Amino acid sequence: MLILNFNPFPVITTDRLILRQLNKEDAKDLLVLRSNLEVGTYIPRIPYQSTEESITFITKAETWISNNESIVWGIVLKTENKVIGTICIWNIKNRDYRAEVGYELLPDYWRKGIMQEVLASVLDYGFKTMKLHSIAAVISPENTASIKLAEKNRFVKEAHFREDYYDKGIFRDTAIYSLITPE
Ligand SMILES: CC(C)(COP(=O)(O)OP(=O)(O)OC[C@H]1O[C@@H](n2cnc3c(N)ncnc32)[C@H](O)[C@@H]1OP(=O)(O)O)[C@@H](O)C(=O)NCCC(=O)NCCS
């Protein structure tokens, strides 16, 4: 059985970025990110309307982390102290050494290799430190950017569900991608 420990919080540093725990001072940045309609196109959630929703999420995330249930990192550029995205490992099935990865980034920062830098480090953490055996990504087949990112990191498509979720007035397909431990 997989035993996890996110305490103390595992801060990850990459060339350009710091991945750190979200705190209540990030509420405004999280609102900007999660109220953005472009960011949310393929993410099944209602766009945020207030910082209270950010605070609720940040507080829940603190509980998940302290209970070692799942982990969310805020993505911060070393040159700017502001949260421009998030990445999480959640839906953790300890018995199966399996989890899911989720990520989002503000459009101003797209196509600069930022999420590639973040995802590579988080996958390394997931396999080497958390000792996961496989990591899944649940992606809409229309979400070209996310599919490219997943495939670049050697995720393989293993399932396709037709019109299996209803979000913002549209029935959408879902594809499951996964990566098995590189070892
Ligand atoms: C998916 C997302 C995180 C990608 O972040 P990003 O920092 O722009 O991605 P990167 O710059 O690291 O690019 C990674 C690879 O994907 C490719 N890519 C990224 N966006 C692309 C797009 N819109 N169309 C085609 N290819 C794209 C890049 O070219 C790169 O591949 P390459 O090195 O072979 O050229 C970003 O588009 C996003 O936040 N989208 C909204 C939220 C979302 O949909 N999250 C995923 C839910 S499953």
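A backbone N or O atom of Tyr-103 lies 2.8 Å from a nitrogen atom of the ligand, a polar contact in the sense used here (a pair of N or O atoms within 3.5 Å). Taken alone, the ligand exposes 930 Å², of which the protein buries 78%, the areas coming from the Shrake-Rupley method with a 1.4 Å probe.

The structure is a predicted model, in which local features need pLDDT of at least 70 and side-chain atom pairs count only at pLDDT 80 or more, while totals for chains, interfaces and linings use all residues. Residues are numbered from 1 along each chain as its sequence is written, and side-chain values use heavy atoms, with hydrogens and water left out.

Around the ligand there are 20 residues, the closest being Tyr-103, Arg-111, Gly-113, Asn-143 and Lys-152; a residue is counted here if one of its heavy atoms lies within 4 Å of the ligand. This shell divides into eleven nonpolar, four polar and five charged residues, with Gly counted among the polar ones and Tyr among the nonpolar. At least two shell residues come from each of β5 (98-105), α4 (114-129), β6 (134-139) and α5 (144-152), and α5 gives the most, with five residues. The space that the ligand takes is the largest pocket.

The C-alpha trace spans about 40 × 40 × 30 Å along its principal axes. The protein chain has a radius of gyration of 16 Å, which agrees with the value near 16 Å for a compact globule with 183 residues, where the radius is taken over C-alpha atoms and the rule is 2.2 Å times the number of residues to the power 0.38.

Two backbone details remain. The peptide bond from Asn-7 to Pro-8 is cis, with omega near 0°, and Pro-8 has its place in the segment before β1 (12-13). Tyr-97, in the loop between β4 (83-93) and β5, has a positive phi of about 55° although it is not a glycine.

Note on methods: A polar contact is a pair of N or O atoms within 3.5 Å; within protein, one must be able to donate a hydrogen and the other to accept it, and residues adjacent in sequence count only if both atoms are side-chain atoms. On a 1 Å grid over the protein atoms alone, a cavity is a set of points where a 1.4 Å probe fits but cannot get out, and a pocket is an open set with protein on both sides within 12 Å along at least five of seven lines; lining residues have an atom within 4 Å of a point. A molecule sits in a cavity or pocket if more than half of its atoms lie within 2 Å of its grid points. Helices (H or I, at least four residues) and strands (E, at least two) are DSSP runs, numbered from the N terminus.
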